[in-house]
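Good morning, everyone, and thank you for letting me take a few minutes of the meeting.

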Amino acid sequence: MTRSVQPFGDAAVLVDVGWSGPGDGNEAAHRFADAVRSLGALDGALGDPVPGLGSVLVPFDPDGVGVDEVMERLTALRATTTSSTAPRSGEPATIELPIRYGGTDGPDLDDVARRTGLTTADVVELHSSVEYRVLFLGFAPGFAYLGDLPDALSIARLDTPRARVPAGSVGIAGRQTAAYPFESPGGWRLIGRTDAQLWDPGRPAPALLVPGSRVRFVPLSA
Amino acid sequence: MTPAFEVLEPGLLTTIQDGGRFGFGHLGVPRSGACDPWSLAVANLLVGNEPDHAALELTVAGPTLRALRSCVVGLAGTDLGATVHGGRGLATGRSHALAAGEVVAFPGTANAVGARAYVALPGGVDVPDVLGSRSTCLTARFGGLDGRPLRAGDRLASDRDPGDAPDGLVWIHDHDPEPIAEAPIRVLPGPDAGLLDRLAAIHWTVATASDRMGLRLEGPAVPMPGEPGDRRPHGVVPGTIQLPPDGLPIVLLADAQPTGGYPVPAVTISADLHRLGQLRPGMRLRLLAVDVRTAEAARREQAAAFRQGRARLAELAGWDDLWRSARG
């Protein structure tokens with residue numbers, strides 16, 4: 001991304017707020033999305049801001065407002081929010097995801113251990129030792145990208161994605177981990193499975209994990 | 001409400017779609033909604049609905065439906081050869097009265113100019129709102145009819161009395177959307193516009209692997225130089241042109257996931273979005289780079305054409321309330 005605020009078609013603007021790499025919980029993006037949401041509450045033209053990694057996409061109604069005006073407003077908003085270091089209001093509590101590692105629940109656990117030169121016990125210990133942050137959601141409803149996976153576990157995706165990954169499967173890829181909210185195709189290496197209800201469109205809060213959530217995996221003894 | 005139709009054959013992919021599901025992109029929820037929102041709006045106006053009410057979206061080969069009582073449907077989008085069994089053909093861009101017991105099929109035609117048709121019922125197709133929309137989210141299986149395409153035996157009810165709309169209304173407006181097959185899709189340069197000139201010089205073909213998530217294009221590959229691993233995923237919208245490592249573009253449609261990690265050479269202008277929804281496998285597609293002013297002018301022109309068509313329809317129908325909202 002070359003410019004910090006740029007048109008993304010004529011019905012959205014992409015705002016780069018920066019991401020410094022592993023260790024950065026994407027706080028700037030969450031804070032900016034919060035700010036857009038409160039701005040959007042003032043006039044209906046701005047849509048739901050979608051955080052990416054170090055960026056926020058802001059869709060808008062092109063019949064209600066022009067690209068230039070949205071760019072101006074978001075540029076001004078970016079200047080005020082990125083200078084702020086105050087913590088976000090309503091910081092969510094840490095969500096614990098019970099997980100069963102290995103076996104049929106985590107069919108790639110042994111392979112991950114072999115490829116990383118660790119024991120399976122080390123992989124489990126490392127994966128469950130970290131408090132993760134939800135960096136952003138995507139891929140599917142309720143699918144939260146969690147960072148950062150310990151560097152020792154960093155691993156490439158499967159060369160060929162699985163056609164069917166069972167609901168609740170927990171996978172790793174690169175410096176991230178995630179749980180599949182429902183059965184879908186998927187290319188992450190599966191090391192365990194959780195019974196947590198990650199996605200339910202009938203709930204007032206359909207996604208268990210939201211941008212900025214803190215998450216811990218709690219191993220269940222087999 | 002008594003069901004208006006029974007589904008005898010479901011067709012290739014028939015789903016319930018409205019104007020889309022907004023406000024949940026940050027939770028990973030696709031917008032869904034009609035791939036061709038213009039035709040959805042026309043079908044709805046023909047039976048006195050708001051433009052974004054829930055209707056049936058038919059794909060290439062549509063369903064066979066039996067009317068369970070006398071009813072009126074609004075038909076818009078591609079002509080899929082709609083025919084009442086043993087009788088008359090049903091033109092697109094028009095409302096049609098059906099008698100109880102009549103069976104209507106949308107078999108699709110070899111010379112169809114597009115991919116999708118829309119069938120609207122008075123008041124909209126009656127299914128529950130999920131997250132503020134009746135649209136079917138196929139990937140996560142919610143919305144519409146239990147999150148799935150229609151199947152044989154389904155019954156479709158409408159929010160209003162299904163006979164409560166005039167027969168024979170015709171959609172007329174002066175600025176028809178550009179003929180789909182001919183005109184290029186207009187795009188604005190995206191964050192990775194470096195390869196846009198090369199992409200725009202190619203005559204692409206829509207691949208058979210295309211679906212409601214996106215059009216996959218076939219042609220000479222244009223791979224993005226550099227390391228793909230360093231990219232930061234960001235939000236995307238329907239109409240985004242993505243360039244995966246194989247160098248063959250994907251044009252995102254209504255069911256696209258709301259974030260993506262591939263380079264984005266361009267984004268389709270909003271006035272051309274509905275045309276993407278009418279491209280079917282085997283059709284040709286070209287990209288034409290334009291500027292923001294052109295995109296905004298095209299949008300205004302389209303909105304004016306829509307208002308005009310809506311006002312004429314209101315005159316024909318004599319719906320005072322529709323007329324008022326068309327002027328407001």
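Let me begin with a definition: the radius of gyration is taken here over C-alpha atoms, and the rule for a globule is 2.2 Å times the number of residues to the power 0.38. For the 328 residues of chain B, a compact globule would have a radius of gyration near 20 Å, and chain B has 20 Å, so the two agree.

Before I go further, please keep in mind that this is a predicted model, in which local features need pLDDT of at least 70 and side-chain atom pairs count only at pLDDT 80 or more, while totals for chains, interfaces and linings use all residues. Residues are numbered from 1 along each chain as its sequence is written, chains are lettered from A and ligands numbered from 1 in the order in which they are written, and side-chain values use heavy atoms, with hydrogens and water left out.

Staying with chain B, its C-alpha trace spans about 60 × 40 × 40 Å along the principal axes. Of its 328 residues, 56% count as buried, where buried means under 20% relative accessible area, exposed means over 50%, and partly exposed lies in between, with a 1.4 Å probe and protein chains only. If we take contacts in chain B between residues at least 6 apart in sequence, 76% of them join residues at least 24 apart, a contact being heavy atoms within 4.5 Å.

The secondary structure of chain B comes to five helices and 20 strands; helices (H or I, at least four residues) and strands (E, at least two) are DSSP runs, numbered from the N terminus. Five of these strands form an open sheet in the order 6-8-4-1-10, with antiparallel pairing, and two strands are said to pair if DSSP finds at least two bridges between them. The edges are strand 6 (83-84) and strand 10 (155-156) of chain B, each of which pairs on one side only. Inside that order, strand 1 (residues 5-9) and strand 4 (residues 64-67) of chain B are antiparallel over four bridges, with B:Glu9 standing opposite B:Thr64.

Now to chain A, where seven strands close into a barrel in the order 5-12-9-10-7-6-13, with mixed pairing.

How many residues of strand 4 (residues 55-59) of chain A are buried? Five of its five residues are. In a regular strand the side chains alternate between the two faces of the sheet. In strand 4 of chain A, A:Ser55, A:Leu57 and A:Pro59 on one side and A:Val56 and A:Val58 on the other are all buried, so both faces are covered. Strand 2 (residues 12-16) of chain A runs antiparallel to strand 4 of chain A, joined by five bridges, and there A:Ala12 stands opposite A:Pro59. Strand 3 (residues 50-51) of chain A also pairs with strand 4 of chain A in the antiparallel sense, over two bridges, and A:Val50 stands opposite A:Leu57.

Next, the aromatic rings. Over all chains the structure holds twelve aromatic pairs; rings of Phe, Tyr and Trp (its six-membered ring) pair if their centres lie within 6.5 Å, and planes under 30 degrees apart count as stacked, over 60 as edge-to-face and the rest as tilted. A:Phe139 and A:Phe143 make an edge-to-face pair, at 4.9 Å centre to centre and 65° between the planes. Is each of the two buried or partly exposed? A:Phe139 counts as partly exposed because its relative accessibility is 29%, whereas A:Phe143, at 1%, counts as buried. A:Phe139 lies in the loop between strand 6 (132-137) and strand 7 (144-147) of chain A, and beyond its neighbours within four places in sequence, its contacts include B:Gln257 and B:Thr259.

Finally, some backbone details. Most residues other than glycine have a negative phi, and most peptide bonds are trans. A:Asn26, however, has a positive phi of about 70°, and at 1% relative accessibility it counts as buried. B:Val60 has a positive phi of about 60°, and at 22% relative accessibility it counts as partly exposed. A cis peptide bond, with omega about -5°, joins A:Gly147 and A:Asp148.
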